[in-house]
Amino acid sequence: MLTASAVEKVKAYLDAEVETIAGQTFVKKSREMKIFREQQCFTCIIEHDISFGKVNADGTALNRAEIFLLPEEYPSFLFAWKSFRIPLPTDYRQWQQVNPHIVSMCVESVEAPEDFAARLSAAFSALET
């Protein structure tokens, strides 16, 4: 289970609700997306799947996120994610599923939850510029 300090930092970085259930920490983060298809615009609220579990003695944890992006957002999000001031850990996996209207970017890492949350926050911030 994450320490109370780590939970507070994750909550602050991601500006989201955090809940701990059975040793797993879940972040409730959503955002509004506008998807354009032909002459129509669909507005929806997307819930991202972000969790932290299997905390090690050194404070690292298994961090997971599934983030939904518009295809045009993906390059700037990925650039901010990879160029964050803290390098990606060696124990890191990333994959994505793409369709014409939305990209699902999945990431897993073993690192300090605060570092993962800070990197994720920076990538979300890149979408706002």
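## Close-up views of a predicted model

**Figure 1. Asp15, an exposed loop residue.** Asp15 is exposed, with a relative accessible area of 67%, and its place is in the loop between α1 and β1 (17–21). In this structure, which is a predicted model, the phi of Asp15 is near 45°, a positive value in a residue other than glycine. Most residues other than glycine have a negative phi.

**Figure 2. Lys54, an exposed residue in the loop between β3 and β4.** Lys54 is found in the loop between β3 and β4, and at 62% relative accessibility it counts as exposed, because the cut-off for that class is over 50%.

**Figure 3. The protein as a whole, as a setting for the close-ups.** The protein has three helices and six strands, and these follow one another along the sequence in the pattern α-β-β-β-β-α-β-β-α. The C-alpha atoms fill a box of roughly 55 × 30 × 25 Å, taken along the principal axes. With 129 residues, a compact globule would have a radius of gyration near 14 Å, and the 15 Å of the protein agrees with this. Buried residues make up 43% of the 129 residues, while the protein exposes about 7,500 Å², of which carbon and sulfur atoms supply 52%. Among the contacts with a separation of 6 or more, 55% are accounted for by residues 24 or more positions apart. The mean positions of the 13 positive and 18 negative charges are 2 Å apart.

**Figure 4. The largest nonpolar core.** This core has 28 residues, and those with the most contacts inside it are Leu14, Ile50, Ile67, Phe77, Trp81, Phe116 and Leu120. The elements that give two or more residues to this core are α1 (4–14), β3 (40–53), β4 (61–69), α2 (74–82), β6 (103–111) and α3 (113–127); α3 gives the most, with six residues. A second, separate core has five residues, including Met33, Ile35, Leu70 and Ile102. In soluble globular proteins, nonpolar side chains tend to be buried together.

**Figure 5. Ile67 and the residues it touches.** Not counting residues up to four places away in sequence, Ile67 touches His48, Ile50, Phe77, Val103, Ser104, Met105, Leu120 and Phe124. Of these partners, Ile50, Phe77 and Leu120 are, together with Ile67 itself, among the residues with the most contacts inside the largest core.

**Figure 6. Thr25, a buried residue of strand β2.** Thr25 lies in strand β2 (residues 24–37) and is buried, with a relative accessible area of 1%. With residues up to four places away in sequence left out, Thr25 touches Leu2, Val18, Glu19, Thr20, Ile50, Ser51 and Phe52. Thr25 and Val7 are 18 residues apart in sequence, and their C-alpha atoms are 8.0 Å apart in space.

**Figure 7. Phe36, an exposed residue of strand β2.** Phe36 also lies in strand β2, yet at 56% relative accessibility Phe36 counts as exposed. Leaving aside its neighbours within four places in sequence, Phe36 is in contact with Cys41 and His101. From Phe36 to Ser109 there are 73 residues in sequence and 33 Å in space, C-alpha to C-alpha.

Technical notes: Residues numbered from 1 in each chain as written. Predicted model: local features only at pLDDT ≥ 70, side-chain atom pairs only at ≥ 80, totals over all residues. Heavy atoms only, no water. Helix = DSSP H or I, 4+ residues; strand = E, 2+ residues; numbered from the N terminus. Rg over C-alpha atoms; globule rule 2.2 N^0.38 Å. Buried < 20%, exposed > 50% of the residue type's maximum accessible area, 1.4 Å probe, protein only. Contact = heavy atoms within 4.5 Å. Areas by Shrake-Rupley, 256 points an atom, 1.4 Å probe, with all protein chains shown as cover. Lys, Arg positive; Asp, Glu negative; His and termini not counted. Charge placed at Lys NZ, Arg CZ, Asp CG, Glu CD. Core = buried A, V, L, I, M, F, W, Y, C linked by side-chain atoms within 4.5 Å.
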